[in-house]
Amino acid sequence: MKVVLIGSGNVATHLGYALAAAGHDVIQVWSRTLEHALDLASVLSAAVTDSMNELSPIGDIYILSVPDDAIRDVAAAFPFRDKLIVHTSGTTGLEILEGVSSMSGVFYPLQTFSKQKGVNFREIPVVVEGSSDELTETLLAFAESISGTVYAVDSEKRKVLHLAAVIACNFSNHLYALAEKILQEEQLDFNLIRPLIRETADKAMLFSPAEVQTGPARRKDMNTIRTHLSLLEKDENLYQIYRLLSEDILRG
């Protein structure tokens, strides 16, 4: 398929690489900042533009991959009423594209992306939704060209999926950052706990996380919990995070 990427951030970058590797023709990259579009387009041998009015009219699919709060405004400038346009948001409903084109959908790759780290797109689930059954089938086939795990999920269930993803990924990473901060304050190396993080993630891949929960709250070790809380008394925010998470584990 001929693909136009509307956006040049983390998701658009990895999608562009995966689509090109699968044999699709990424013909153009749009970005509000032309330099950003050039960075991606130069790798994909694609044309660039910073004007929605200059989007190529020969695309088969236009992938709108911009921050959620920009989707509505960017989509409103889409110049074609009979071309397939999809957004890549996990939490934004399909209805945001109503009236933009007669053909619309969602193409949501469920992964955390950073430009500085490559990914294997075959292992990334892709969730799709089309404005018609026919378009859903088209998007499923398109997704299967780059991913080995593809699902059709409606907007309401996709919001729940995105919520779970934020808790599992973004919140976990923030806790890693808090742990790193605690260690740095005592001149301790974060590398000391990297094997622990890896083992925890490995077990979550093999078992239900609830079944392999460990730690002082899991074994109801109140003395250790009180000791930890005393170490956090000068940091009210971290104190409350530790307390709330411990209480939730204790209830389990």
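Q: Before we start on this predicted model, what counts as buried here?
A: Buried means under 20% relative accessible area, while exposed means over 50%. Keep in mind that the model is predicted.

Q: Thanks! With that cut-off, how many residues of β6 are buried?
A: In β6, 6 of the 7 residues are buried, so by the under 20% cut-off the strand is mostly covered.

Q: And which way do β6 and its partners run, parallel or antiparallel?
A: There's one of each. β5 and β6 pair in the parallel sense over 4 bridges, with His 87 having Val 106 of β6 as its bridge partner. β6 and β7 run antiparallel and are joined by 5 bridges; there, Gly 105 has Gly 130 of β7 as its partner.

Q: Nice. What's the strand order in the whole sheet?
A: It is an open sheet of 8 strands, ordered β3-β2-β1-β4-β5-β6-β7-β8, and the pairing is mixed.

Q: Which strands stand at the edges?
A: β3 (47-49) and β8 (150-152). Each has a single partner strand, so one side of each is left without a neighbour in the sheet.

Q: Tell me about Ile 61. What does Ile 61 touch?
A: Leaving out residues up to four places away in sequence, its contacts include Met 1, Val 3, Val 86, Leu 139 and Phe 142. Ile 61 also stands opposite Leu 84 in β5, where β4 and β5 pair in the parallel sense over 4 bridges.

Q: Back to α4, then. Which of its residues are buried, and which are exposed?
A: Leu 135, Thr 136, Leu 139, Leu 140, Phe 142 and Ala 143 are buried. They cover an arc of only 165° around the axis, which puts them on the same side of α4. Asp 133, Glu 134 and Glu 137 are exposed on the other side.

Q: Last one: what span should α4 have?
A: At 1.5 Å a residue, its 12 residues should span 16 Å, and the end C-alpha atoms are 17 Å apart, which agrees.

Note on methods
Residues are numbered from 1 along each chain as its sequence is written. This is a predicted model: local features need pLDDT of at least 70, side-chain atom pairs count only at pLDDT 80 or more; totals for chains, interfaces and linings use all residues. Side-chain values use heavy atoms; hydrogens and water are left out. Two strands pair if DSSP finds at least two bridges between them. Helices (H or I, at least four residues) and strands (E, at least two) are DSSP runs, numbered from the N terminus. Contact means heavy atoms within 4.5 Å. The expected span of a helix is 1.5 Å times one less than its number of residues. Buried means under 20% relative accessible area, exposed over 50%, partly exposed in between (1.4 Å probe, protein chains only). The arc is that of the directions from the helix axis to the C-beta atoms.
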